[in-house]
Amino acid sequence: MHNVGENLTETKDFNLPSSAKDKEAILDALIKGLKPGEQMLIFRTRADDTEKTALKLAQSIPVSEIPRQIRDRIMLLEDSPLRSFLNKYIERRIVYHNAGLSVEERRLIEQLFNEGIVQIIVATATLATGVNMPADMVVVADFRRWDHSRRTNMPIDVAEYKNCAGRAGRYGKRTRGISLILAEHSGQTNQLERNYILGDPPELESAIPMQRELAQQLLGVIGGQLADNKSDIVGLFCDSFAFRSFYEPNKCETELTQAIDTGIDQLLALGLITEEDGKFKVTPLGNVAARSGVYLSLIHISEP
């Protein structure tokens, strides 16, 4: 564990039970150490793992009474796996959060966490991007992510770790916050401390211009209901850091619009989105692709 405040880093060992041989066992022990009113964010690199981990951890969390009006708010959501999870486990005060959720689902989770109803969220790093949700404890449970181009697991970058760990601390409510990164074995602890806790993040660059196609980002934009028509999609990208730092300075605005057109055509051809009256909507297949993190270049169309 590291705790940084006033340029001071202190190290502390957690006395975990000897039976804690996997991540869920370690996380379960950490949850049991939370005090009443304390909240935790757990970050996983795969969307599927957020659901699996939340489900497994929920089994050992004690039930607590939930006001009826909270259940009424949950029932306002469209029927979905998340609504089913909330109906069953909201009394355990744990839930998951990833890019595969709808805007309404994400908004409700964030509201319930800020209101103190939800105590633990298992999330992908999307939660740490542009969302003000501080917690008493942050656990970065994975430091490797599958790299589709290299066909192997690669370490996450320092900036992602710092962004997730930066959720630890509750200004005006607590004097400190705790952030943890889980090693796969004890021999990695010194390396993780050097690389992530003491490491400096690289100069900020947008990943969007580095990719050959925008289809992956467009699927997330449409699936997340951030925009559902061509004009709004273009406007969203033109307000992005990628546009200000790359496309605009390099006078590539036309190339960006063309790339968006190409990406939309790819999504339509793959059957991941549909278009009706100029509005786009993610198909069930597209929703699965977005939720699972499947790289679009791996999806092929089979000719009849």
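## A walk from salt bridge to sheet

Start by selecting Glu 160: this residue is buried, with a relative accessible area of 17% (buried means under 20%, exposed over 50%, partly exposed in between, using a 1.4 Å probe and protein chains only). Before you go on, note that this is a predicted model, where local features need pLDDT of at least 70 and side-chain atom pairs count only at pLDDT 80 or more, while totals for chains, interfaces and linings use all residues. Residues are numbered from 1 along each chain as its sequence is written, and side-chain values use heavy atoms, with hydrogens and water left out.

Glu 160 sits in helix H6 (residues 158-165) and Arg 145 in strand S7, so the pair ties together parts 15 residues apart in sequence. Helices (H or I, at least four residues) and strands (E, at least two) are DSSP runs, numbered from the N terminus. Arg 145 itself is partly exposed, at 30%.

Next stop: Asp 142 and Lys 23, another salt bridge, with 2.5 Å between the closest N and O atoms. Asp 142 is in the loop between S6 and S7 and Lys 23 is in helix H1 (residues 23-32), so this pair ties together parts 119 residues apart in sequence. Asp 142 counts as buried at 7% relative accessibility, whereas Lys 23 is partly exposed at 25%.

Step back to strand S6 (residues 137-140). Met 137 and Val 139 point one way, Val 138 and Val 140 the other, and all are buried. Which strands does S6 pair with (at least two DSSP bridges are needed)? Strand S3 (residues 40-43) runs parallel to S6, joined by four bridges, with Phe 43 partnering Val 140. Strand S9 (residues 178-181) is also parallel to S6, again through four bridges, and there Leu 180 stands opposite Val 139.

Last, pick Phe 85, Tyr 89 and Tyr 96, which ring pairs link into a cluster (ring centres of Phe, Tyr or the six-membered ring of Trp within 6.5 Å; planes under 30 degrees apart are stacked, over 60 edge-to-face, the rest tilted). The model has four aromatic pairs by this rule. The centres of Phe 85 and Tyr 96 are 5.3 Å apart with planes at 75°, so the pair is edge-to-face. Both residues, Phe 85 and Tyr 96, are buried.

Notes: Two strands pair if DSSP finds at least two bridges between them. A salt bridge is a side-chain nitrogen of Lys or Arg within 4 Å of a carboxyl oxygen of Asp or Glu.
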